[in-house]
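Thanks for coming. Please bring up the sequence and the model on your screens, and I will start once they are there.

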Amino acid sequence: MSSAKRPGTPGPGSHVADSHDLIRVHGARENNLKDVSVDIPKRRLTVFTGVSGSGKSSLVFNTIAAESQRLINETYSAFVQGFMPTLARPEVDVLDGLTTAIIVDQQRMGADPRSTVGTATDVNAMLRILFSRLGEPRIGPPSAYSFNTASVRASGAITVERGNKKAVRATFERTGGMCAHCEGRGTVSDIDLTQLYDDSKSLAEGAFTIPGWKSDSQWTVQVYAQSGFVDPDKPIREYTEKELRDFLYGEPVKVKVNGVNLTYEGLIPKIQKSFLSKDKEAMQPHIRAFVERAVTFTTCPECEGTRLSEGARSSKIKKISIADACAMEIRDLAEWVWDLTEPSVAPLLTALRDTLDSFVEIGLGYLSLDRPAGTLSGGEAQRVKMIRHLGSSLTDTTYVFDEPTVGLHPHDIQRMNDLLLRLRDKGNTVLVVEHKPEAIAIADHVVDLGPGAGTAGGTVCFEGTVEELRAADTVTGRHLDDRAVLKESVRKPAGALEIRDARTHNLQGVDVDVPLGVLCVVTGVAGSGKSSLIHGSVPAGADVVSVDQSPIKGSRRSNPATYTGLLDPIRKAFAKANGVKPALFSANSEGACPTCNGAGVIYTDLAMMAGVATPCEDCEGKRFQPAVLEYRFGGRDISEVLAMSVDQAEEFFGAGEARTPAAHKILQRLSDVGLGYLTLGQPLTTLSGGERQRLKLATHMGEKGGVYVLDEPTTGLHLADVEQLLGLLDRLVDAGKSVIVIEHHQAVMAHADWIIDLGPGAGHDGGRVVFEGTPADLVADRSTLTGEHLAAYVGA
């Protein structure tokens, strides 16, 4: 193994301070790392490679970046630390030479309906100040242009405690920019009452059709039945006008139910608080299906979706209101701001121009400021977070990036590479976790982890330059120069999905036939309209299985067995074999160890210091009661089964006395997506981004559907894993499914039977189909950006 080079090592006459040119990691043991020791050169660009799950994120994010942040937090007073997230020291013996770490990860931005690109990047804050100073007519301070601030008026008597106390009259008024009708959301919800209850039945007969609302025992239902506002034995359609109003819109009031004080509230506000205030993606599938069935969201008729009050929309600068400015594409807005010249707000205009120019420079000029933050892809969210760092004057900091090329067309990757090199050339240390060969090629130093994933990984296989990596006998080294070849023959379509006059977002009346029964790849530069075309035009009906980029939700109690539904057949098999209840074999239910409540560890909160997790002494970290561990199935107890890897469990449940077809089918799907090394009971919080993406894919593969829509399934996948994914897609198509993939990876394009290329640019420069045909035709044609890059990739 070659050692890290030490650029800039001081000579005999140099200052001792110049000798600290390495970040030294010794004995790192976070997650699956096995006493990893590595020297990383400062003020250089270091790329960390390795198969998905090999330990890259554990080393870069959970060790180096986490310790840097923890040490910075410790410089604050104990009082301030009490308000900050508490971070434990990573499992590592020595961490030397750290600098301040700035983390730019792929975590999706909050899907709060009030969060937009403008609010997430502070551009809205600057625009509000600009309009409050220059807008005509003047309507008030910056808050008057904010859709998150409601107008408030109050008056009354206040007592001034000074000398002789006396009550004085006072009035208070604050002008906000929030549209009062939609409360700043831009949409209003219309609830279909027929989906909430059957009006031919009474409450006692089980009129409610809301998931989880049962009339006999459910507390919520009992509150309505025993409130005294309605007759529980009368069908809802026979309610008087007053009864129906109290039933649907009643104000919150305390009522007594079976001797317990509870709050009664009308059905509509109850539904709005219980379901509509939550992120739809975080809901369980059956709850989400109910919300989609019962609630329709329409554009607010009063503000026309702008979220702003009439006053905020009436105030304009050069005939442009703040609503118009936020609806523009950012590159057009940047041009408008450049045309403004007003000495009184010159510093503000300079900051606003710099920020908007950064959007354009980073390839996000096609976005608009009113775009909801939750609708950004992982790659877009990461680049939005980069905006604030581009013009920074800070040097000698460590920038940590998690796959910055995700969601980028090959045409855009060169621009991202230039930005990373610019950060490095200002004297910063840049650490990048990456799989794309184009991004690895610009590295000054490469650290390759592996050799495998999970327990088979966690060691450093290689350190050195890119050229040395090419010659190294590691998985990454062997696959670095892999180039897919065009298929000699393509499958013939078995029909077509007709899309006519598609106009979602930036689509410009697109007409296209998406072939069925084949592997169809939809491609184009970021922002060209790929997701708008497929997700906006392919109805997510009974026959369509859509696997998008939304993140997996899961706590440390969730694991692959619970997430995929694998634990259900396992629990039933254990229960049947031992003649007991299935709930005993759940660490989140009756079988949980009473001391640690099934967590396996005891958490001790130490206020502003990091909490301590110690293994539970009673269950020895197994999470179950001793009595439950007495029950066996196939010679194993439930904790031993959860400690198995997917491959071991597949063999265990596939034959012999432990044969369980339902469990075996789910395990086969996990193995098909390359997750055979995961243990069934491993917490979801310890999985890498690529592992989570594939876990989601495996879960959706179990759904019944003829059309599979996959949104960038190569995200987080190593070059070696992409081959396995292509094999999986082939198996799906050969089994009679239609597979539509939105993808930038050239290996997937080359493997396609049919390609639909959108463009030619992003935003209003895109939204058109610029090519339809086979990959070979695209390469031969070379009329689009995708065609040029694919031709270069396959060496045509």
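A word on the source. This is a predicted model, in which local features need pLDDT of at least 70 and side-chain atom pairs count only at pLDDT 80 or more, while totals for chains, interfaces and linings use all residues. Residues are numbered from 1 along each chain as its sequence is written, and side-chain values use heavy atoms, with hydrogens and water left out.

Cavities, then. Rolling a probe the size of a water molecule over the atoms shows where empty space is left. Here that is done on a 1 Å grid over the protein atoms alone, and a cavity is a set of points where a 1.4 Å probe fits but cannot get out. Points are joined across faces, edges and corners, and a volume is the space filled by probe spheres set on them. The search of the whole structure gives five cavities of 30 Å³ or more. The largest cavity holds about 150 Å³. It is lined by 19 residues, of which Glu403, Lys436, Thr714, Thr715 and His745 are the closest to its centre; a lining residue has an atom within 4 Å of a point. By class, that lining has five nonpolar, nine polar and five charged residues. In this scheme Ala, Val, Leu, Ile, Met, Phe, Trp, Tyr, Cys and Pro are nonpolar, Asp, Glu, Lys and Arg are charged, and the others, Gly among them, are polar.

Now two residues and their surroundings. Thr564 lies in the loop between α19 (560-563) and α20 (567-578); helices are DSSP runs of H or I of at least four residues, strands are runs of E of at least two, and both are numbered from the N terminus. Thr564 is buried, at 11% relative accessibility. A polar atom of its side chain lies 2.7 Å from the backbone oxygen of Pro560. Beyond four places in sequence, Thr564 is in contact (heavy atoms within 4.5 Å) with Ile666, Leu670, Leu695 and Thr699.

His479 is in helix α17 (residues 475-479) and counts as buried at 15% relative accessibility. Its C-alpha atom is 6.3 Å from that of Leu719, 240 residues apart along the chain. Leaving out residues up to four places away in sequence, His479 touches Leu719, Ala720 and Glu723.

Last, the backbone. The peptide bond from Glu136 to Pro137 is cis, with omega near -5°, and Pro137 sits in the loop between α4 (123-134) and β6 (152-160). The bond from Gly450 to Pro451 is also cis, with omega near 0°. Arg307, not a glycine, has a positive phi of about 75°, and Arg307 is buried at 7% relative accessibility.

Key
On a 1 Å grid over the protein atoms alone, a cavity is a set of points where a 1.4 Å probe fits but cannot get out, and a pocket is an open set with protein on both sides within 12 Å along at least five of seven lines; lining residues have an atom within 4 Å of a point. Buried means under 20% relative accessible area, exposed over 50%, partly exposed in between (1.4 Å probe, protein chains only). A polar contact is a pair of N or O atoms within 3.5 Å; within protein, one must be able to donate a hydrogen and the other to accept it, and residues adjacent in sequence count only if both atoms are side-chain atoms.
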